[in-house]
Amino acid sequence: MDATPHTPTPLPGRYAEAHAASLRDPEAFWLDAAQAIDWACPPTRAFDRAAGTYGRWFPDATLNACHNAVDRHVAAGRGDQAAILYDSPVTGTKRRITYAALRDAVAVLAGVLSDLGVGRGDRVVIYMPMVPEALFGMLACARLGAVHSVVFGGFAANELAIRIADAAPKVVLAASCGIEPNRVVAYKPLLDAAIAACAHKPAACLVLQRPQAPAELVPGRDHDWAETVARATAEGRRAECVTVAATDPLYILYTSGTTGKPKGVVRDTGGYCVALAWSMPNLYDVAPGETYFCASDIGWVVGHSYIVYAPLLHGCTTVLYEGKPVGTPDAGALWRVVSEYGAACLFTAPTALRAIKKEDPRAELVGAYDLSAFRTLFLAGERADPDSVAWAERALGRPVIDHWWQTETGWAIAGNPVGLGQLPVKHGSACVPMPGYDLAVLDEAGKPVPAGTMGTIALRLPLPPGCLPTLWGSEERFRSSYLATYPGWYDTSDAGIVDADGYVTVLGRTDDIINVAGHRLSTGSMEAVLASHPDVAECAVIGIRDALKGEQPCGFVVLKSGVDRPTQAIEGELVALVREQIGPVAAFKLALTVQRLPKTRSGKILRGTMKRIADGEPWTTPPTIDDAGVLDEIGASLKGRGIGAG
Ligand code: COA
Ligand code: AMP
């Protein structure tokens, strides 16, 4: 850390005033931002401190999110503009869906859902890949005031079952399969297994049959999507937008917590619409009518916000890309899509850049495309490593903007608000707090630390619009996970530094969450799976550095005494078990059998030291450990797999 005194440089542009105004007078700031939304009953006040756990946004307003994302644009003359550009290299399909066509598709599907008994406040689980019908499903729920919960396709049946049990959906929307470059993933058997494992049974499943792997339908429960929608269309069955309270939930999105049970992050309707609408011109500098390309997945928060809701709320064209950054067919795939649809910005994860850089280090494929409409590359999901950012800046000749997010917040906590006048980029930093975020770095006692000092990043309550008001059915867990550590603050569980210019650098999680290829995973849930193997006495999972994916999980297991089967066979079973129980997205490929785990005298496993050893970083033997030899054994077993400095 540079110890020389630093005079903060005044920030250019309108950011500083906007951020200060949002904290000085949040009522005025957010009521002004709320004008971007069509309200059934407009808010007379922005915030009610007395409601909810820390207050609620737009307590007296009503609206419908689908009306704001779809219908109002048709009414305003955007009916012929593309709302969704579906581009699927894995199936060789492209589709252009106008706002008018989107409105019709969503209205009919909402009619179908309504006939299946779905109404305001009911939950609908969506287990679908990146196909337009998944977006129709999300918006149809919003149209009815129902609450959707999208489950990422890379999760296994058990994870889906946990989410179905918690959300208790009336209906499940599913596709028969998803398509990965190397295989077709049959979703329907996973859905059937999940429902079989759950006490809660959805009344109906609407199944989109894809030709790559048509599914068997369960009579009486499952309905063929295309047939049902065709029938409803022929009968003129449509549902109109249902007005809901701004504080009503729009969706639940499950994310990894520190236990095996995921957290159901609740998103309210009004605050979310306002925050996203503010972000489009001010953070992303995108205008209505322009094309926005977010290469994430609708199973993640980034996909909810910037594939679906924000671009549509703002009257943009959104690109729905069912492919990968590499291999579909090559490392020029994202540039091809940006060029073909004239995208003004691209939003992806640093891991995607690393994958592209590995295959096309000289960025030769960039030159093959006309990127004249393209202005900015945005990155999020994990720390943007300075090498990859610098590479992309050189390759693209455009600003590369890192911004920091959590599923919980729904939109960026810190970023570089290009629309307010781009701030200087500092490699490795996620830039400055967005409006409404009163951010500080705290020490263990909860006291703000001086600039340049590392600590836990916390957000002073209240959180801005768009952020979670609670966890689904788990108010107590909401309080204990986020609000209890530092009273008056939301604990982000990210460690970091704020420098003298106010720039935030996020260094990593303070809990046992790891980030693998931009996917948030819980080592605790992987440990629970390993511990369920009959031969395992105890285990520890850590995230170790990976050049492509940022981190990869690595499990250490101690076998029960008397187990004399070959360790290699057991390790293979453990890898298979995590894939079967959590899913391929866990990317769990490394299980190591060790004689014992390093622990403190009080029995705490020294995961931090194990990680340092695996990452080849300098480490010392903590004074709280009796037998230093155990750490050498861990180092030797990692070295046997070519990991760490030994
Ligand atoms: N359905 C089923 N399986 C899926 C899946 C899905 N939707 N998504 C990923 N998987 C599988 C993959 O096929 C892979 O399986 P494998 O072990 O048989 O190879 C496994 O899950 C791990 O996937 P991933 O970690 O994504 O690795 P990858 O090699 O397939 O792809 C990247 C690597 C970098 C190209 C990819 O991870 C990527 O694009 N990441 C960006 C993530 C992102 O956008 N995050 C959101 C924040 S912006
Ligand atoms: P998720 O909830 O899946 O969006 O993951 C959130 C976590 O990803 C955060 O708590 C961070 O640890 C990490 N993360 C997301 N964006 C960034 C970023 N720009 N820089 C550093 N870490 C990030």
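What follows is a short tour of a predicted model, taking the ligands in turn and then the helices.

## Around ligand 1

Ligand 1 has 24 residues around it, and the nearest of these are Glu180, Arg183, Lys549, Arg579 and Lys589. Sorted by class, that shell holds 11 nonpolar, 7 polar and 6 charged residues.

Now for some polar contacts. One oxygen-to-side-chain pair puts a polar atom of glutamate 180 at 2.5 Å from ligand 1, and arginine 579 has a polar side-chain atom 2.9 Å from an oxygen atom of the ligand. On its own, ligand 1 has 930 Å² of accessible area, and the protein covers 85% of it.

## Around ligand 2

Ligand 2 is surrounded by 15 residues, with His403, Thr407, Asp494, Arg509 and Arg520 the closest.

Aspartate 494 places a side-chain N or O atom 2.5 Å from an oxygen atom of ligand 2, while asparagine 515 has a polar side-chain atom 3.3 Å from an oxygen atom of the ligand. Glycine 381 uses a polar backbone atom, which is 3.1 Å from a nitrogen atom of ligand 2. The protein buries 93% of the 490 Å² that ligand 2 exposes when taken alone.

## Where two helices meet

Helix α4 spans residues 99-115 and helix α5 residues 132-144; they pack at about 65 degrees with axes 8 Å apart. The two are therefore roughly perpendicular to each other, and α4 passes α5 in a right-handed crossing.

Methods: Residues are numbered from 1 along each chain as its sequence is written. Chains are lettered from A and ligands numbered from 1 in the order in which they are written. This is a predicted model: local features need pLDDT of at least 70, side-chain atom pairs count only at pLDDT 80 or more; totals for chains, interfaces and linings use all residues. Side-chain values use heavy atoms; hydrogens and water are left out. A residue is near a molecule or strand if one of its heavy atoms lies within 4 Å of it. A polar contact is a pair of N or O atoms within 3.5 Å; within protein, one must be able to donate a hydrogen and the other to accept it, and residues adjacent in sequence count only if both atoms are side-chain atoms. Accessible areas come from the Shrake-Rupley method with a 1.4 Å probe; for residues, only the protein chains shown count as cover. Axes are lines fitted to C-alpha atoms, for helices over the stretch in contact, and angles run from 0 to 180 degrees between N-to-C directions. Helices (H or I, at least four residues) and strands (E, at least two) are DSSP runs, numbered from the N terminus. Angles under 35 degrees count as roughly parallel, over 145 as roughly antiparallel, 65 to 115 as roughly perpendicular and the rest as oblique. A crossing is left-handed if the near helix is turned anticlockwise from the far one by less than a right angle, and right-handed if clockwise. Ala, Val, Leu, Ile, Met, Phe, Trp, Tyr, Cys and Pro count as nonpolar, Asp, Glu, Lys and Arg as charged, and the others, Gly among them, as polar.
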